Amino acid sequence: MHFAKHLLISLTLCAPFGPAAFADISNTTIEAYNTAIAQTDRAAIIDASKALAAEAVATPEHPDSVLLAYETGAKLCEFGACASALDAANFVAAAPITDPEAHPLAEDRTLLASFANWSADSNRKNRKALENTLTEIVPTQPSNLSILAFATLYTSELNAGKTRNGAKIAGDAGDHLRPFAELVPRHFVSAEFVAAISHFNANQDSDAQLRMTHLQGWLGQYGTKLGETAPDWVADEQARASAWGLAMGAWYTSSRTRGSTKRGISPERLNAILESYTPKNVDTDPETTALDLDESEGRLPFCEGELKQSPKLRYRAGDGQRGFFGAVIAGFDIEDGRVVNLVVKAAVPEDRFEENALRTVSQWMWEPSENQSPGENCSMSRTNLALPLVFQLE
């Protein structure tokens, strides 16, 4: 596989090269490169990569000159010195391809050259060339270089205020990584967030809402698959995706109040998307799951009932009139019917509704149903609850 091959070669280069076999490439240069890689010294890696790349370019007759030029050029890009890889990249791109299946592949050579040329001079022509190259490799298997090039370009576009184009490039990055998302989950999630948020900020159309909902579903599925080994960031990012999805929905509801004709995705369709990521043999009902767990451990089940939402959650003074909208995902425990350990898991926008949400929800109580007898057949305490709170104009 293309992706696996890159990882393998990258790891191989992290270990010392074999005994001196290259008559035209200095052993000292190779040893300096291996030492720098082993010590993970950024400055030394850059210097050693430049030196080895220069010798590879200077000895085109050497059987490994193209491979060494490509790997050191890619290493320079990895360490933020892609402009310094320009000579090596152009050398690799111009070298004849004797074996179409051999590393580096033609698309890898083109990508390195496009990335290095844009890094050296980010003019419109070079930017367009890099963007076109990235568009062409979307269906191919990812490499370390393609992941880096995508992220660097869409970040640059967004920082320059080119939201629409940044969203498009980030969307391509997400599409490029999706088939291999479990191998590079952080990169995939970052690209999908940037694509959905940027697209929504630029267009406010339903494609962004769909993308965010699919991301939320994927994160839930990924976390379930990992189980107890799932890192904390998975749940954090799932809460963030949920908050963004709710905030997008709040925008559509609030905008209709202000006369907008734009419509979001129906709740039924959004729920169907989320359910499509849930294995059919997994019980996802939180009440049922909690009750089964409690009974199996000899504890009383949680009392049936509802969270008494008094006082009501309201807009902060002036926020409604100014058209603010958003969502907060609150995490909390219930202890003897009281809401305790209240935290904000995610909020959109940040620093707008959190204080109001925490102050209000902290006063809520769990009210058991009439047929429940707390302390006898059920418990009024439960942990690890989450509650979505939406601020929108009705």
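Cys77 and Cys82 are joined by a disulfide, with their sulfur atoms 2.0 Å apart; a disulfide here is a pair of cysteine sulfur atoms within 2.5 Å. A disulfide is a covalent bond between the sulfur atoms of two cysteines. The link of Cys77 and Cys82 is right-handed, with 55° about the S-S bond. Cys77 and Cys82 are both buried, where buried means under 20% relative accessible area, exposed over 50%, and partly exposed in between (1.4 Å probe, protein chains only).

The model is predicted: local features need pLDDT of at least 70, side-chain atom pairs count only at pLDDT 80 or more, and totals for chains, interfaces and linings use all residues. Residues are numbered from 1 along each chain as its sequence is written, and side-chain values use heavy atoms, with hydrogens and water left out.

By the sulfur distance rule, the count of disulfides comes to two. Besides the link already described, Cys303 is bonded to Cys378, with an S to S distance of 2.0 Å. The pair links distant parts of the chain, 75 residues apart. Cys303 lies in the loop between α14 (286–296) and β1 (305–308), and Cys378 lies in the loop between β4 (365–368) and β5 (382–391). Helices (H or I, at least four residues) and strands (E, at least two) are DSSP runs, numbered from the N terminus. The link of Cys303 and Cys378 is right-handed, with 85° about the S-S bond, and both cysteines are buried. With bonded cysteines counted along the chain, the disulfides follow the pattern 1-2, 3-4.

Another place to look is Val189, in helix α10, which covers residues 185–203. Leaving aside residues up to four places away in sequence, Val189 touches Leu215, Trp218, Leu219, Trp233 and Glu237; contact means heavy atoms within 4.5 Å. Val189 and Ala241 are 52 residues apart in sequence, while their C-alpha atoms are 9.8 Å apart in space.

Turning to the whole protein, there are 15 helices and five strands. The protein has 394 residues, of which 45% count as buried. Among contacts between residues at least 6 apart in sequence, 68% join residues at least 24 apart. The protein exposes about 20,200 Å², and carbon and sulfur atoms supply 51% of that area. Accessible areas come from the Shrake-Rupley method with a 1.4 Å probe; for residues, only the protein chains shown count as cover.
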